[in-house]
Every structure is written in structure tokens, then in C-alpha cells.
Amino acid sequence: MAAPSPGPREILAPSPEAGRRAAASSSGHRGLLWRLRDKQCRLGLFEIGPGHELHQLMCLMQAGLWAATQVSRDHPPAVRPTAHPWTPGDTLGGCSFSSQGFELGTLAGPAFARLRRSLGLAEEDYQAALGPGRPYLQFLSTSKSKASFFLSHDQRFFLKTLRSREVQALLAHLPRYVHHLQRHPHSLLARLLGVHSLRVARGKKKYFIVMQSVFYPAGRISERYDIKGCEVSRWVEPAPEGSLLVLVLKDLNFQGKTINLGPQRSWFLRQMELDTAFLRELNVLDYSLLMAFQRLHEDERGSGSSLIFRTARSIRGAQSAEESGAQNRRLLPDAPNALHIVDGPEHRYFLGLVDLTTVYGLRKRLEQLWKTLRYPGRTFSTVSPACYARRLCQWVEAHTE
């Protein structure tokens with residue numbers, strides 16, 4: 001019988017300084033080679049090293065996340081049958097880590113631990129990537145929100161600050177989100193891995209989310225886009241020609257371009273319909289389709305691909321070909337974050353729907369009214385969830401072949 005999930009408590013974790021010393025002594029030479037090799041891939045991403053204004057905060061976050069993950073390692077959540085994947089207790093439990101006037105809490109710890117397991121993500125790997133040892137990367141986003149964005153040093157995990165109302169919406173929708181991923185294992189929805197609160201000294205409590213990065217592995221990615229299917233505020237000044245600066249471009253930057261998916265186009269259009277219909281049911285809008293392009297090598301194209309194709313990792317619940325088709329399954333490359341990867345004839349595409357927490361309440365309805373008066377005849381992001389979902393699907397249909 002599995003041990004019960006622990007309630008909120010304080011636990012000990014290795015200090016950030018101890019983690020850094022251990023990492024430096026064991027892998028200094030290897031780390032130097034890695035930094036030299038990866039330097040060109042990280043222009044526009046800034047390492048949060050000593051002297052950075054966020055360095056102390058990052059170290060405390062890393063220690064807190066190490067402690068939070070240790071709870072789920074020491075007390076793994078029980079595996080439940082597919083017919084009963086969720087109970088009200090899943091939103092309870094977790095831990096709090098306190099140090100030097102800093103406190104990091106975990107929200108819905110058992111639910112996210114179970115979700116990470118269902119994605120085939122080992123807790124020790126998750127802990128190692130987010131815990132002390134290697135600094136996070138600060139990502140300078142083109143988003144107009146006031147959120148802060150970070151990446152784990154290997155760029156596999158993405159961290160973003162959230163407002164309290166966004167956290168409330170996320171936790172309220174969590175049971176349905178989990179059910180949707182179980183019903184549609186190839187969903188394009190971002191894989192959310194954890195939600196945490198943090199407070200420094202006696203300051204205001206803040207929140208952040210951890211998720212899989214859609215743009216991973218990033219080594220050969222040439223272009224990145226954030227698409228909302230509208231035009232107002234949807235242009236980013238491109239980097240100078242020949243620059244290796246990492247920029248995420250927007251809708252107007254994509255004009256005149258198409259995504260060539262070949263035989264996978266019909267799958268992609270169908271999955272967009274399924275996922276946006278789900279978000280419409282949640283009364284959610286203002287989400288983005290993230291896209292990235294990676295040119296395929298000669299030996300990766302067509303039937304001679306060097307990738308080993310198989311059905312998704314641990315696909316659950318498919319009892320017949322009919323059920324498999326109903327869940328819109330596809331073959332996946334045997335690669336990290338494969339659910340977000342689609343190969344076309346010439347390019348590999350990284351695709352994912354992100355920012356799933358904006359609810360169409362009174363605030364957004366008033367914003368829609370103001371934008372209607374401010375931008376007559378133009379398209380903007382704040383519209384009803386039904387209109388938003390329909391418009392984004394129409395954009396995808398018009399820009400794919």
C-alpha cells in the first residue's frame with residue numbers, strides 16, 4: 001500500500017551553495033565544454049550567475065523545488081485506475097520549504113506528481129534539472145505581460161510567474177485538464193508539471209508554474225513563433241540578418257509563410273479542433289500556438305528516417321483501432337517531448353498550446369469592448385472563447401499544407 005501524501009510541512013534540502021560546490025567539483029571540465037558548445041544556442045538567454053539581481057532568489061527557488069520533489073519521491077502517489085483518475089484530495093498536500101525569510105510552497109502536489117509520472121518523467125531527472133547545481137536561464141520574452149520567464153539550464157523545463165487569479169483558474173480546471181490528456185494523449189496542450197507559491201521576507205506571495213518547454217531540444221531550431229490568429233500588437237522587430245539572437249516572432253511576422261506538414265496535416269487540424277474545443281468549454285481565451293522550425297537532415301526525411309517511430313510512450317486505454325482513431329493518435333519520434341514534434345517533408349515542427357489560464361470574465365469582457373472601440377475593423381486577441389477558438393483553427397487551416 002502506498003504511503004499517504006504528506007501534509008504541508010517543512011523539510012530539509014541541500015543548500016544552494018553546497019549544490020553548486022558539488023556540481024563544480026564533479027563536472028567542471030565537462031561543464032566548460034558544454035557551455036562552449038551551447039553558447040550559440042543561448043544568445044538571448046542569460047545565465048543567472050553570481051552578481052545577477054535574481055541570483056539569490058533563483059538559489060532559494062532551486063532549493064525549494066528540490067525539497068518539493070523529494071516529498072513526491074519519498075511518498076509517491078498511488079497509481080489509480082483510468083476509470084477513477086481523480087479525487088478531491090489530489091489538490092491537497094505538498095510541502096513548504098523555508099530558509100532565510102524565504103518560503104516556497106507546493107500546490108496540488110499529488111496531482112502534479114501523478115501527472116509527471118504519466119508523462120514518463122522520472123522524479124530524479126526533474127529534481128536534478130530544477131534543483132541546485134546549475135543556474136537557470138533568464139528568457140527575455142516578447143510578451144507584453146509582466147510575467148517573468150526562466151528555463152532550466154538544459155532548456156527542457158520552462159518556468160513562468162502567474163497572477164493569483166490565474167493560479168485559481170488553473171487549479172479549478174486541473175481535473176478536467178488531466179482527463180483531457182488521458183482521453184487525448186497526443187494533445188497539443190502544454191504539459192504542466194507543477195505550481196508553486198513563493199514569498200520573500202514579508203513580501204507579497206507570488207506564484208509560478210513549471211512546464212515542459214515546447215522548444216526542446218533547441219539545438220537546431222531556426223525560427224520560433226507565438227501565434228494568436230490576430231493582428232493588433234502581433235509584430236516583433238526581427239533580429240538583424242545573420243544574428244543568432246533568440247527571438248519569438250508573432251503573427252504578422254509569419255505573413256506569406258506556410259507550415260508544410262504533408263500527410264500529418266489532417267491529424268494536426270483535427271487535434272487543434274479537439275484542444276481548442278476543450279479550452280472553449282473551460283471559457284478560456286488568449287492562449288497561443290507556439291511553433292518552431294528545424295530543417296531535417298537528409299537521413300531524417302521520408303521512410304529512410306533515422307528516427308525510430310513508435311506509438312506514444314505508454315499510451316493508455318486504447319483497446320481497439322476504432323478507439324485509437326477516436327483519440328486521434330499518431331506515430332511519434334522516439335525523442336524528448338515527442339508529443340510536441342511533427343515531421344513534415346522538409347522540416348520538423350515543434351508545436352504546443354500555452355497560456356491556458358485566462359478566463360473570459362468581466363475584466364476581459366470590458367477589455368473586449370474597449371478594444372472594439374479602439375481598433376475598429378481590426379482583429380485583436382480579446383474576443384469570446386468561441387470566436388477565439390474558431391479563429392485560431394482557421395489560421396492554422398489557412399497556413400498549413
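Start by selecting Glu346, which counts as partly exposed because its relative accessibility is 35%; that term covers values between buried (under 20% relative accessible area) and exposed (over 50%), using a 1.4 Å probe and protein chains only. Before moving on, note that this is a predicted model, where local features need pLDDT of at least 70, side-chain atom pairs count only at pLDDT 80 or more, and totals for chains, interfaces and linings use all residues. Residues are numbered from 1 along each chain as its sequence is written, and side-chain values use heavy atoms, leaving out hydrogens and water.

A salt bridge here is a side-chain nitrogen of Lys or Arg within 4 Å of a carboxyl oxygen of Asp or Glu. Glu346 sits in the loop between strand 14 (341–343) and strand 15 (347–354), and Arg301 in the loop between strand 11 (288–295) and strand 12 (309–310), so the pair ties together parts 45 residues apart in sequence. Strands (E, at least two residues) and helices (H or I, at least four) are DSSP runs, numbered from the N terminus.

Next, select Arg348 and Asp343. Their salt bridge has its closest N and O atoms 2.7 Å apart, and both residues are buried.

Finally, go to helix 6 (residues 265–281), where Arg270 and Glu273 lie 3 residues apart, about one turn of the helix. Arg270 forms a salt bridge with Glu273, at 3.5 Å between the closest N and O atoms. How many salt bridges does the structure hold? There are 17.
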